[in-house]
Amino acid sequence: MDYQAAIEKAKEYFGQIVEEQLRRVEELKKPVEWIDYSQLKPIIIGIIGGDGIGPYIAAHARRVLEFMLAEELQSGKVEFRDIEGLTIENRAAQNKSIPDDVLEEIKKCHVTLKGPTTTPRKGDPWPNIESCNVSMRRYLDLFANVRPVRVPKEGIDWVFFRENTEGAYIMGSKGVNVTEDLAFDFKVITSQGAERIIRLAFDYARKNKRRKVTIVTKANVVKTTDGKFLEIGYEIAKEYPEIEVDDWYIDIMTAKLVDPKRRTQFDVFVLPNLYGDILTDEAAEFQGGVGTAGSANIGKRYAMFEAIHGSAPRMVREGRAKFADPSSMIRAAALLINHIGYPEKAKKLEMALDICGNYERKLVITGRDTGCTGEEFTEYLMETIQDPKLEERWKSYVEQS
């Protein structure tokens, strides 16, 4: 084996990666203003079906969105657009994580509600294209993945701010096999990327009168990148003296979330990409599983809202897609409604989801014919939203639990 040749080839490749990331840093330094939805008419909402069960649950979520925003639709304040072509078949045919024409349609929308999409893995019949989600977050600079988890009966009310465009995922498809025995992957943290996600978490805490922000890293071992994230976190914390700040390592943090004595002491979390992915999936289990949790992907210019689970192709193959739980996408729709400026409507939808999914459970989704269909659950949810005593009903369940 000619090790010297392998080393030189790896050095050249790494140099290209460093150059690419330095260019990205320069882009991050450019000032960008936050979009003001109150000044838009219409606010264009794109609906993306995705793969597997995606089109099924997206259709239910769209019905709920149209119901909640009926007045805004009628007045022209809001407009819906269906975006086709973000399927694994089309992406594989074009060998792109997001085909160019689809990306252009997405960019014509201010916000999108997206169904789950398939990411190829070894053994699949698809080419090894990058995750559609990872690409979209990068192309649209959706740097903040915001995932709330609320279980009142357990005393849980968490909001996670996961950095979305850096960390281990940004270079996920750009690792290098130096030799057949030696493989490298890369992790990237920039000062600008860390600062904006951490500041967003503290701004949220201040605005919503939250008491504490917890920074999650593995800075004791991953000293350079995680160390930078943690150091910047404590520097920014000085600007928010009314907010308590602490930090935990990802391994013990996963343990403390399942500790009933400690988990109620956490409030707002901010963390790099991979850790955020892991911890929010664990947290979603308290709320009823990943099938019930939605997430927001926020940037200054665009925003995308989605379920946090996968496309479940087996459910489609087995003819069970109509029994898929739409709660995750409907919770994402609630986040969308809040984001574009209708917090009271979003609150009503979230209360109805709590009642139907966690408290009353008159209809239960099992993913099979032993439970209700997604359409039946959506009807139940919409009937609940229309109850004039919705808030009283919700409060009574919370108090009883």
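**Close-ups of aromatic pairs in a predicted model**

At 22% relative accessibility, Phe 286 counts as partly exposed, since buried means under 20% relative accessible area, exposed over 50% and partly exposed in between (1.4 Å probe, protein chains only). This is a predicted model, where local features need pLDDT of at least 70, side-chain atom pairs count only at pLDDT 80 or more, and totals for chains, interfaces and linings use all residues. Residues are numbered from 1 along each chain as its sequence is written, and side-chain values use heavy atoms, leaving out hydrogens and water.

**View 1. Phe 14 meets Phe 186 as a stacked pair.** Twelve aromatic pairs occur in the structure; rings of Phe, Tyr and Trp (its six-membered ring) pair if their centres lie within 6.5 Å, with planes under 30 degrees apart stacked, over 60 edge-to-face and the rest tilted. Here the ring centres are 5.6 Å apart and the planes lie at 25 degrees, so the pair is stacked. Phe 14 sits in helix α1 (residues 3-28) and Phe 186 in the loop between β7 (182-184) and α7 (191-207), 172 residues apart. Phe 14 is partly exposed at 43%, while Phe 186 is buried at 16%.

**View 2. Trp 158 meets Phe 286 edge-to-face.** Their ring centres are 5.6 Å apart, with the planes at 90 degrees. Trp 158 belongs to strand β5 (residues 156-163) and Phe 286 to helix α10 (residues 273-287), 128 residues apart. Trp 158 is buried, with a relative accessible area of 0%.

**View 3. Ring pairs build a cluster.** Look here for Trp 158, Phe 160, Trp 248, Phe 266, Phe 269 and Phe 286, which ring pairs link together.

Conventions
Helices (H or I, at least four residues) and strands (E, at least two) are DSSP runs, numbered from the N terminus.
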